[in-house]
Amino acid sequence: MEGSDEQHDLSDDSDYAASQQQGLRESAHYKSVEAGGFNENEASETLYSKENVSVHPTQHAAERISGQLRLIKQHSSIFLRWLPYIDVPNEENSMGNLANSILTKDKLLYAIKDLSMNDVRSFHRHSPPFGWQYIIIVLSSGIAYPPLYFYSGGVREFLTTLKQHVIIVRSAEDLNIFLLNDFRDPLQRSLLSLELPRAISISKSGPGQNTSSAYSVEGSSGSEYHERRATMLKGPSSDISLHVLEKFSLITRFARDATSEIFHEHRNKSYRNYEKLHWDNSLYETISSDEIFVPSDPLKFDSSQVMEELRQDPLEAEEWAAFLDSEGRIKDFNALRKRIFYGGVGSNLRKEVWKFLLGYHLHNSTYEEREYIDSIKKSEFESLKSQWQSISTTQARRFTKFRERRSLIEKDVVRTDTSVPYYEGDDNPHVKLLHDILLTYSFYNFDLGYCQGMSDLLSPVLFVMEDESESFWCFVALMERLGPNFNRDQSGVHSQLFALSKLVELLDRPLHDYLAQADCLNYYYCFRWILIQFKREFELEQLMRLWEVLWTHYKSEHFHLYVCVAVLKRYRSEIIGQRMSFDSLLKFINELSGKLVVDDILTAAERLCNFAGEKGEACIPPGTPPSLSTDSFLDLYCDVKHTM
């Protein structure tokens, strides 16, 4: 069908209206998958059942996974189950059995198998003005399941039924957040309902401690900002670390900017070709066969199997000068990318070199052109910044979106990298710069706005650039790559987690098989790694080395996924030996923060990337972030050449 190749906005999809009845008719050709772990032989009662409840791995209608949602009571416990419909192959089409079984395996990654309501923190209800309602389930650990879309209605009935059997309290801050079994103190309830990224370990405070730090969101500027920051830093909650950024419910901002559209347009055109290639029988048999080398020590490959180069010292000034011609152009950008991939950049050069790696400066630009571009972009930044600086208190009262974004930014920046001397202390001017740059970006990219996690991405950039305008435009370039990570429907992160699962299956079958047995193939415990690019896993200097290696795109546009595999393989014996469940694996992964050595991980990731070769690239669907063009300033440079 022609419509199957079109891009779909999940919050406003007119095409689904006509397909609802068709989906119900087609459901007769499907059968539900029985979940493991729930004793069907014991007495149970179905309290609620709804067909045509769907999950969307991407924004495309053709890739929607529909299924049945049920609330089940067994003894005194309430369980939620969502199982996808599975294709039943026709007898006439026996050749389709393999393909169907593989598709079934991928659909089951999204199954919710008998989830106890005792493990649920909250339900988030979303009711777009144009589109279908959906809910997001947030667990006590902070992890959230992908949104469940009710294309045949039924959200109100679902919540009404649930209220009859489970204690539910509506959040005072957001009436669309329903808190379950909420017996915590008022501060804990407030922080949980706000979904602050660091509000997970409050229980360390004694029951008698007062940790509240309330403040108004109306009309803030100047001294008010610093007063709020001082108040927030003094409370125990300022020490709460960002452990669970992987909760999908945090990402509730629209991301319909040009970057997202390009990504999904590209993915839409090529995804089916990828599926055909990826699931071709011969390729699948090759990936699954004993030909794949899985050594006893997964990080020590035979040198005859994998070729690699030794890591080098960082690029320094004398060598950098040799890469430039007399007018400042980079003579061989590929050679520079290779040099940075194997050694990184010296700290005194990062301010200059990062602009090329991020695409803010083009490699064939001259000194004169770059100076002119800097002056233009500085003026443009000041103009953007003035848009929110000129908003009066009276205007702010009538500008809800501005107040919401400003409030969220203020909460985040005062807790960003407080252990780094550059950002520590009250009334730190660099923290104020973080605030101003992020608020300006929310006006520059108004559709995306601000999402929690962006302050973590900006912090190292500002640390290196030490200039407000240059930091802003480098952050803009970085978000051209990582913007899909903050898509409202999480399709950007989901596509990367899917590719990660395929790479682990390719490169470490024993680990893959164990994760399948432990029901951990969704890889949600790696969400933070992908969302903020290992920001919490490495000390600042090592993190900057990692980022500049990733930005080269030298070995692969998706080298960060091989870094994920390298870390998982390094700790494979602990994961399997300790028989880790999802919760224990999540805790283990979070506790790796600060324990990893970047050069060791990069060396291991390069080995994996070299060994995987074309088979590894075949595991990654086309358009998976951050495989986007970073030539966002190309047109401006072209204009400069015509005017100079």
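**Burial, cores and confidence in a predicted chain**

Of the 644 residues in the chain, 57% are buried (under 20% relative accessible area, with exposed over 50% and partly exposed in between, for a 1.4 Å probe and protein chains only). The model is predicted, so local features need pLDDT of at least 70 and side-chain atom pairs count only at pLDDT 80 or more, whereas totals for chains, interfaces and linings use all residues. Residues are numbered from 1 along each chain as its sequence is written, and side-chain values use heavy atoms, with hydrogens and water left out.

The chain holds 25 helices and 10 strands. These elements are DSSP runs numbered from the N terminus: helices are H or I with at least four residues, strands E with at least two.

Confidence was examined next. The mean pLDDT (the predictor's confidence in each residue, from 0 to 100) is 75, and 68% of residues reach 70 or more. Residues 1-37 have pLDDT below 50; this stretch makes 76 contacts in the model beyond near neighbours in sequence. Residues 184-304 stay under 50, with 285 contacts beyond four places in sequence.

The largest nonpolar core has 151 residues. Such a core is a set of buried Ala, Val, Leu, Ile, Met, Phe, Trp, Tyr and Cys residues joined through side-chain atoms within 4.5 Å. Phe123 and Phe158 have the most contacts inside it. Beyond residues up to four places away in sequence, Phe158 touches Tyr48, Leu69, Leu71, Leu80, Phe123, Ile135 and Phe150. A second, separate core has seven residues, including Tyr134, Ile136, Tyr149 and Tyr151. In soluble globular proteins, nonpolar side chains tend to be buried together.

Helix α21 covers residues 559-570. Of its 12 residues, 11 are buried. Among them are Phe559, His560, Tyr562, Cys564 and Lys569. The expected span is 1.5 Å times one less than the number of residues.

Cysteines were also checked. Cys451 counts as buried because its relative accessibility is 2%. Cys474 is buried too, at 0%. The whole structure contains zero disulfides (pairs of cysteine sulfur atoms within 2.5 Å).

Key:
Contact = heavy atoms within 4.5 Å.
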